[in-house]
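Here are my notes for a colleague who is opening this model for the first time. Please keep the structure in view while reading.

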Amino acid sequence: MSVRPARGASKPGLAVVGATGAAGAVMLQILSQHADVWGEIRLVASPRSAGRKLAVRGEECEVVALDEDVFDGIDVALFLVPAEVSERWAPIAVARGTVVVDSSPAFRMDPDVPLAVPEVNPHSVRVRPRGIVASPHDTTLTLVPAVGALHAEFGLRELVLSSYQAVSGAGRDAVVALRAQLSLVAGTELGVAPGDVRRAVGDDLGPFEAPVALNVVPWAGTPLDGGWSSEELGLRSETRKILGLPGLMVAATCVRVPVLTAHSLAVHARFEREVTVERAHEILATSPGIVLCDDPEAGDFPTPADAVGTDPTWVGRVRRAPDDPTALGLFLCGDNLRKGAALNSAQIAEMIAAELGG
């Protein structure tokens with residue numbers, strides 16, 4: 001097995017499972033940019049990707065195939081793979097003495113697995129009965145740093161929100177589909193008559209139920225009871241678990257928009273106590289993982305084009321509800337590939353490394 005040479009026996013070993021995927025590529029960038037807390041870094045993927053060479057921390061590493069032996073000598077494993085892969089292999093890694101940080105939905109709602117956002121509930125990482133820590137969905141990770149900070153001050157009572165999700169959250173095929181659709185409609189007069197975009201795009205919609213170019217698609221996820229989607233109810237359940245509010249009222253509508261990377265959310269948040277914009281600004285401006293940009297008259301508010309490629313949640317359009325002194329409106333943006341798919345898991349792993357003495 002070819003692995004990256006150890007940087008020191010005192011530092012814990014790390015495996016990146018799913019190193020050749022889109023999230024894996026971002027993770028390798030993050031590992032190369034963050035403080036050097038790891039000894040050996042082992043890159044792992046499916047057998048068809050074994051043998052590829054990828055750069056991490058300025059060194060070339062050969063990718064090895066996922067099997068039981070890859071976890072030998074590894075203290076922490078980052079799982080950046082689909083749920084079915086995590087369900088099978090995470091318990092095997094734990095049995096080999098490895099702590100797993102999983103970015104898939106496989107264990108998020110398991111009561112014995114913490115669902116962690118280091119800026120919001122860092123204490124949860126220390127208690128892991130199954131040897132696994134889960135990282136939330138990328139939309140949740142855009143939402144929770146901001147509402148968590150405000151909850152600590154005002155006491156969160158209810159959330160009504162709409163997400164405007166970038167297509168990259170649906171995978172590489174979704175990105176390819178959007179680019180192909182844009183090439184068909186660019187420079188045309190399409191978008192002014194019923195069905196003209198759909199006819200131009202044809203039947204090749206990619207993973208979407210309708211054209212996403214020159215359009216928005218009010219659906220993300222799989223169907224669940226009552227007309228809700230899995231992403232809408234997942235956003236509800238994950239927010240409740242992270243904030244420790246099992247009875248929190250949450251109503252979400254998830255929408256795909258023709259943006260490549262960076263999710264956005266429009267949020268109406270009701271609190272137990274009266275809120276002011278001034279105090280909300282103070283909290284948001286000083287909370288970790290948040291950038292406040294809120295001067296609409298000067299054109300200062302977050303957009304996906306601002307957030308893409310950055311780590312924080314960007315927050316703007318902060319305003320008190322005109323009919324409810326306990327409610328705030330917010331607009332949020334965050335890079336779904338960076339924070340959502342990789343950075344949060346890396347931050348959790350670094351907390352575990354510090355606990356292990358790395």
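1. **Ground rules.** This is a predicted model, in which local features need pLDDT of at least 70, side-chain atom pairs count only at pLDDT 80 or more, and totals for chains, interfaces and linings use all residues. Residues are numbered from 1 along each chain as its sequence is written, and side-chain values use heavy atoms, with hydrogens and water left out.

2. **Confidence.** The pLDDT (the predictor's confidence in each residue, from 0 to 100) averages 95 over the protein. Of the residues, 97% score at least 70. Where pLDDT is low, the predicted coordinates should not be read in detail.

3. **The parallel sheet.** Six strands form an open sheet in the order β5-β2-β1-β6-β7-β8, and the pairing is parallel. Strands are DSSP runs (E, at least two residues), as are helices (H or I, at least four), numbered from the N terminus. Two strands pair if DSSP finds at least two bridges between them. β5 (64–65) and β8 (132–134) stand at the edges with a single partner strand each, so one side of each lacks a neighbour in the sheet.

4. **Walking across that sheet.** Start with β2 (residues 41–45), which pairs with β5 over 2 bridges. Here A45 stands opposite A65. β2 also pairs with β1 over 4 bridges, and L14 stands opposite I41. On its other pairing, β1 is joined to β6 by 4 bridges, with L78 of β6 as the bridge partner of V16. Next, β6 (residues 76–79) pairs with β7 over 4 bridges, where V76 faces V99 as its opposite.

5. **Covered strands.** Are the faces of β1 and β7 covered or open? In β1 (residues 14–17), both are covered: L14 and V16 on one side and A15 and V17 on the other are all buried. Buried means under 20% relative accessible area, exposed over 50%, and partly exposed in between (1.4 Å probe, protein chains only). β7 is covered on both faces too, with V99 and V101 buried on one side and V100 and D102 on the other.

6. **The loop between β7 and β8.** R128 lies in this loop. R128 has a relative accessible area of 16%, so it counts as buried. Its side chain reaches the backbone oxygen of V125 at 2.8 Å. Not counting residues up to four places away in sequence, R128 touches V99, D112, P114, V133, I352 and E355. S124 is in this loop as well, and is buried at 14% relative accessibility. Leaving aside neighbours within four places, S124 contacts P114, L115 and A116. V127 also lies in the loop, but is exposed at 56%. V127 and D112 are 15 residues apart in sequence and 8.7 Å apart in space, C-alpha to C-alpha.

7. **The mixed sheet.** Another 6 strands form an open sheet in the order β10-β9-β11-β14-β13-β12, with mixed pairing. Its edges are β10 (249–256) and β12 (290–292); each has a single partner strand, so one side of each is left without a neighbour in the sheet. The twist averages 20 degrees from one strand to the next. β12 runs parallel to β13 (residues 313–320), joined by 3 bridges, and L292 stands opposite V315.

8. **A helix across the strands.** α3 lies across β9 (156–165), β11 (263–271), β12, β13 and β14 (327–334). It runs at about 25 degrees to β11. Axes are lines fitted to C-alpha atoms, for helices over the stretch in contact; angles run from 0 to 180 degrees between N-to-C directions.

9. **The cores.** A nonpolar core is a set of buried Ala, Val, Leu, Ile, Met, Phe, Trp, Tyr and Cys residues joined through side-chain atoms within 4.5 Å. The largest has 54 residues, of which F71, F79, L143, L150, L159 and V267 touch the most other members. Helix α3 (residues 138–154) gives the most to this core, with 8 residues. A second, separate core of 34 residues includes V26, V63, V99 and A116.

Technical notes
Contact = heavy atoms within 4.5 Å. Polar contact = N/O pair within 3.5 Å; in protein donor to acceptor, adjacent residues only side chain to side chain.
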